[in-house]
Amino acid sequence: MSECIFCKIVAGELPGKKVYEDEELLAFHDIHPVAPVHLLIIPKRHIVSLVECQANDEGMLGRMLLLAPRLAREHGLDNGFRTTINTGRGGGQLVFHLHLHVFGGGTLPTHL
Ligand code: 5GP
Ligand code: ZN
(Lines give C-alpha, C1' and ligand atoms only; values in the text may rest on other atoms or scores of the structure.)
(Ligands and ions follow the chains in the order given, each with its own letter.)
Protein backbone atom coordinates (compact mmCIF):
# COMPACT_ATOMS: atom_id res chain seq x y z
CA MET A 1 0.00 0.00 0.00
CA SER A 2 1.31 3.48 -0.85
CA GLU A 3 2.53 5.67 1.99
CA CYS A 4 1.87 8.78 -0.09
CA ILE A 5 -0.98 10.85 1.38
CA PHE A 6 -2.13 12.10 -2.01
CA CYS A 7 -2.17 8.56 -3.43
CA LYS A 8 -4.31 7.65 -0.40
CA ILE A 9 -6.73 10.46 -1.24
CA VAL A 10 -6.84 9.18 -4.85
CA ALA A 11 -7.55 5.66 -3.56
CA GLY A 12 -10.23 6.90 -1.14
CA GLU A 13 -8.20 5.68 1.85
CA LEU A 14 -7.94 9.23 3.20
CA PRO A 15 -10.75 11.78 3.01
CA GLY A 16 -10.37 14.72 0.66
CA LYS A 17 -12.83 17.48 -0.18
CA LYS A 18 -12.86 16.72 -3.90
CA VAL A 19 -13.85 19.43 -6.37
CA TYR A 20 -12.91 17.74 -9.65
CA GLU A 21 -12.06 14.27 -10.91
CA ASP A 22 -11.40 12.66 -14.27
CA GLU A 23 -9.42 9.62 -15.40
CA GLU A 24 -6.11 11.40 -15.02
CA LEU A 25 -6.52 14.24 -12.52
CA LEU A 26 -8.00 14.93 -9.11
CA ALA A 27 -8.54 18.29 -7.41
CA PHE A 28 -9.44 18.89 -3.77
CA HIS A 29 -9.30 21.54 -1.05
CA ASP A 30 -5.97 22.00 0.74
CA ILE A 31 -6.29 20.91 4.37
CA HIS A 32 -4.46 24.07 5.58
CA PRO A 33 -5.67 26.83 3.25
CA VAL A 34 -3.52 29.96 2.95
CA ALA A 35 -6.38 31.87 1.31
CA PRO A 36 -10.20 31.68 1.36
CA VAL A 37 -9.99 29.32 -1.64
CA HIS A 38 -7.00 26.97 -1.78
CA LEU A 39 -7.19 23.96 -4.09
CA LEU A 40 -4.68 21.32 -5.10
CA ILE A 41 -4.67 19.73 -8.55
CA ILE A 42 -2.79 16.43 -8.78
CA PRO A 43 -2.22 13.66 -11.31
CA LYS A 44 -3.77 10.43 -10.05
CA ARG A 45 -0.59 8.61 -10.99
CA HIS A 46 2.18 9.00 -8.43
CA ILE A 47 4.83 11.40 -9.74
CA VAL A 48 7.20 12.76 -7.11
CA SER A 49 7.68 16.25 -8.50
CA LEU A 50 8.11 18.33 -11.64
CA VAL A 51 11.69 17.01 -11.87
CA GLU A 52 10.41 13.48 -12.52
CA CYS A 53 8.09 14.57 -15.34
CA GLN A 54 9.00 13.37 -18.83
CA ALA A 55 8.13 14.50 -22.34
CA ASN A 56 5.13 12.16 -22.36
CA ASP A 57 3.73 14.04 -19.32
CA GLU A 58 3.24 17.15 -21.45
CA GLY A 59 -0.48 16.52 -21.94
CA MET A 60 -1.09 15.84 -18.25
CA LEU A 61 0.82 18.98 -17.22
CA GLY A 62 -1.11 21.05 -19.73
CA ARG A 63 -4.42 19.70 -18.46
CA MET A 64 -3.42 20.48 -14.86
CA LEU A 65 -2.71 24.10 -15.80
CA LEU A 66 -5.84 24.46 -17.91
CA LEU A 67 -7.97 23.11 -15.07
CA ALA A 68 -6.79 25.92 -12.77
CA PRO A 69 -8.78 28.82 -14.31
CA ARG A 70 -11.86 26.61 -14.60
CA LEU A 71 -11.77 25.67 -10.91
CA ALA A 72 -10.87 29.25 -9.94
CA ARG A 73 -13.95 30.51 -11.79
CA GLU A 74 -16.14 27.82 -10.25
CA HIS A 75 -14.96 28.91 -6.80
CA GLY A 76 -15.64 32.59 -7.36
CA LEU A 77 -12.07 33.79 -7.90
CA ASP A 78 -13.17 36.36 -10.47
CA ASN A 79 -10.47 38.83 -9.44
CA GLY A 80 -7.58 36.47 -10.06
CA PHE A 81 -5.71 33.68 -8.38
CA ARG A 82 -2.23 32.30 -7.92
CA THR A 83 -0.83 28.98 -9.15
CA THR A 84 2.25 27.45 -7.54
CA ILE A 85 4.22 24.25 -7.92
CA ASN A 86 6.81 23.72 -5.17
CA THR A 87 9.59 21.40 -6.29
CA GLY A 88 11.97 19.63 -3.94
CA ARG A 89 12.81 20.52 -0.35
CA GLY A 90 14.63 23.64 -1.53
CA GLY A 91 11.45 24.68 -3.32
CA GLY A 92 9.31 24.22 -0.23
CA GLN A 93 7.76 20.92 -1.32
CA LEU A 94 6.37 19.01 1.65
CA VAL A 95 4.25 16.37 -0.08
CA PHE A 96 6.23 14.42 -2.65
CA HIS A 97 3.42 13.80 -5.11
CA LEU A 98 3.26 16.45 -7.83
CA HIS A 99 0.59 19.08 -7.13
CA LEU A 100 -0.45 22.46 -8.42
CA HIS A 101 -1.67 24.94 -5.79
CA VAL A 102 -4.52 27.22 -6.93
CA PHE A 103 -5.47 29.85 -4.37
CA GLY A 104 -6.91 33.28 -3.95
CA GLY A 105 -9.82 35.25 -2.63
CA GLY A 106 -8.05 37.37 -0.05
CA THR A 107 -4.72 38.97 0.69
CA LEU A 108 -2.21 36.48 -0.60
CA PRO A 109 0.93 35.47 1.29
CA THR A 110 4.13 36.82 -0.21
CA HIS A 111 5.18 33.28 -1.12
CA LEU A 112 3.88 29.68 -1.49
P1 5GP B 1 3.77 21.64 -0.71
O2 5GP B 1 4.53 22.44 0.32
O3 5GP B 1 4.26 20.21 -0.79
O4 5GP B 1 3.71 22.32 -2.04
O5 5GP B 1 2.28 21.63 -0.21
C6 5GP B 1 1.62 20.52 0.29
C7 5GP B 1 0.22 20.97 0.63
O8 5GP B 1 -0.54 19.81 0.93
C9 5GP B 1 0.16 21.89 1.83
O10 5GP B 1 -0.44 23.12 1.45
C11 5GP B 1 -0.68 21.11 2.84
O12 5GP B 1 -1.55 21.94 3.58
C13 5GP B 1 -1.43 20.13 1.97
N14 5GP B 1 -1.74 18.89 2.64
C15 5GP B 1 -0.90 18.14 3.40
N16 5GP B 1 -1.53 17.02 3.84
C17 5GP B 1 -2.81 17.07 3.34
C18 5GP B 1 -3.93 16.20 3.47
O19 5GP B 1 -3.90 15.16 4.11
N20 5GP B 1 -5.07 16.60 2.83
C21 5GP B 1 -5.13 17.75 2.10
N22 5GP B 1 -6.30 18.02 1.51
N23 5GP B 1 -4.09 18.59 1.97
C24 5GP B 1 -2.93 18.27 2.58
ZN1 ZN C 1 1.43 9.68 -4.49
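The tour goes from the ligand to its contacts and then out to the pocket.

A word before we start: this is a predicted model, where local features need pLDDT of at least 70, side-chain atom pairs count only at pLDDT 80 or more, and totals for chains, interfaces and linings use all residues. Residues are numbered from 1 along each chain as its sequence is written, chains are lettered from A and ligands numbered from 1 in the order in which they are written, and side-chain values use heavy atoms, with hydrogens and water left out.

**Stop one: the ligand.** Select ligand 1 and show the 16 residues around it; a residue makes that list if one of its heavy atoms lies within 4 Å. Asp30, Gly92, Leu94, His99 and His101 come nearest. By type, this shell has eight nonpolar residues, seven polar and one charged (Gly counts as polar; Asp, Glu, Lys and Arg count as charged).

**Stop two: backbone contacts.** Which residue has a backbone N or O atom 2.6 Å from an oxygen atom of ligand 1? That's Leu94. Now click on Gly92, with a backbone N or O atom at 2.8 Å from a ligand oxygen, and Val95, where the distance is 2.9 Å. Altogether, the protein covers 85% of the 520 Å² of accessible area that ligand 1 has on its own (Shrake-Rupley method, 1.4 Å probe).

**Stop three: helix and strand.** Colour α1 (5-11) and β2 (25-29), which each supply at least two residues of the shell. The top contributor is α1, with three residues. Helices here are DSSP runs (H or I) of at least four residues, and strands (E) of at least two.

**Stop four: the pocket.** Hide the ligand: the space it takes is the largest pocket. Around this pocket, select Phe6, Asp30, Ile31, Leu40 and Val95, which lie nearest its centre among 23 lining residues.

How values were computed: Polar contact = N/O pair within 3.5 Å; in protein donor to acceptor, adjacent residues only side chain to side chain. 1 Å grid on protein atoms, 1.4 Å probe; cavity = no way out; pocket = protein on both sides within 12 Å on 5 of 7 lines; lining within 4 Å. Sits in = over half its atoms within 2 Å of the grid points.
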